[in-house]
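Here is a short briefing on a protein and DNA model. Keep the sequence and the 3D view open as you read.

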Protein chains: 2
Amino acid sequence: MATAKTQDFTDDEIFLADIAKALSHPARIKIMKLLSEMNACMCGELVNLLPLAQATVSQHLKELKRVGLIQGDIDGPKVCYCVNVEMLFKVTKDFQNYFNNLNKGEKISCKTKKK
Amino acid sequence: MATAKTQDFTDDEIFLADIAKALSHPARIKIMKLLSEMNACMCGELVNLLPLAQATVSQHLKELKRVGLIQGDIDGPKVCYCVNVEMLFKVTKDFQNYFNNLNKGEKISCKTKKK
DNA sequence: TCACATTATCGTATATTTACGATGAACGAT
DNA sequence: ATCGTTCATCGTAAATATACGATAATGTGA
């Protein structure tokens with residue numbers, strides 16, 4: 001029982017974790033790719049391109065929408081999904097930053113450090 | 001019922017999703033940061049730096065170890081954790097690639113495309 | 001050998017995620 | 001108005017994740 005525990009996590013940590021969660025399923029990784037390649041895409045097209053039922057795809061889209069990575073515009077009876085460019089840019093930048101900082105470590109192996 | 005559904009997901013998609021899952025909790029985002037900053041770190045130190053019980057921290061470390069982002073070397077009764085540099089490098093590269101490709105889209109808004 | 005320190009694992013409770021069929025809501029076309 | 005299409009939501013089942021106390025395992029040092 002050395003020192004007191006730190007409080008909660010920072011907003012930054014929570015944000016990165018939340019985005020990672022949104023991307024933590026192959027279907028959602030793929031949906032982002034598909035939406036980017038096709039620029040914009042009806043929900044039904046996505047259903048055909050994924051090995052999942054319509055209801056399940058809808059759920060995955062909802063999760064991506066939740067964190068703002070995509071948006072869906074209603075177009076008559078259909079819904080046209082596309083990547084949210086601003087958000088994608090921020091996420092790209094933030095993760096690049098995060099990983100770059102991780103890579104900055106001096107790469108001392110555990111054995112080398114050894115107290 | 002247009003065309004047949006695609007098969008499974010690619011190894012690449014599964015890999016990215018799995019790494020994202022490993023990073024989908026603020027504690028694990030923070031652990032990576034801490035290990036990088038301190039170069040290497042005893043498990044006990046991490047417990048003090050996180051608002052979580054020892055058993056819970058151990059679980060989070062296990063998840064990061066599962067995907068190979070960190071490794072733990074036994075040092076007497078202690079365990080010295082550090083970032084797996086090779087894996088971190090691969091992950092950094094792969095995610096950079098993924099995001100860069102996403103950003104390549106022509107950014108046609110749904111309304112602009114409109115059939 | 002006997003405590004002590006350190007960490008993983010077990011057991012368990014609760015919450016979240018994933019998946020799907022069924023249903024409902026909104027719209028276009030007839 | 002009714003029908004078919006498109007998509008979200010509901011209900012639900014099964015799996016996974018998160019958290020913690022308790023316990024086991026391992027090594028240090030007295």
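Buried means under 20% relative accessible area, exposed over 50%, and partly exposed in between (1.4 Å probe, protein chains only). This is a predicted model: local features need pLDDT of at least 70, side-chain atom pairs count only at pLDDT 80 or more, and totals for chains, interfaces and linings use all residues. Residues are numbered from 1 along each chain as its sequence is written, chains are lettered from A and ligands numbered from 1 in written order, and side-chain values use heavy atoms, without hydrogens and water.

**A buried arginine**
- R28(A) sits in helix 2 (residues 26-38) of chain A; helices are DSSP runs (H or I, at least four residues) and strands are too (E, at least two), numbered from the N terminus.
- R28(A) is buried but has no salt bridge (a side-chain nitrogen of Lys or Arg within 4 Å of a carboxyl oxygen of Asp or Glu).
- The nearest side chain of opposite charge, E63(A), is 4.8 Å away from R28(A); Lys and Arg count as positive, Asp and Glu as negative, and His and the chain ends are not counted.
- A polar atom of the R28(A) side chain lies 2.7 Å from the backbone oxygen of A22(A).

**DNA strand C**
- Among the 21 residues around DNA strand C, K21(A), H60(A), G44(B), S58(B) and Y81(B) come nearest.
- H60(A) has a polar side-chain atom 2.7 Å from a phosphate oxygen of DNA strand C.
- G44(B) places a backbone N or O atom 2.7 Å from a phosphate oxygen of DNA strand C.
- For V79(B), a backbone N or O atom lies 3.1 Å from a phosphate oxygen of DNA strand C.

Definitions and conventions
A polar contact is a pair of N or O atoms within 3.5 Å; within protein, one must be able to donate a hydrogen and the other to accept it, and residues adjacent in sequence count only if both atoms are side-chain atoms. A residue is near a molecule or strand if one of its heavy atoms lies within 4 Å of it.
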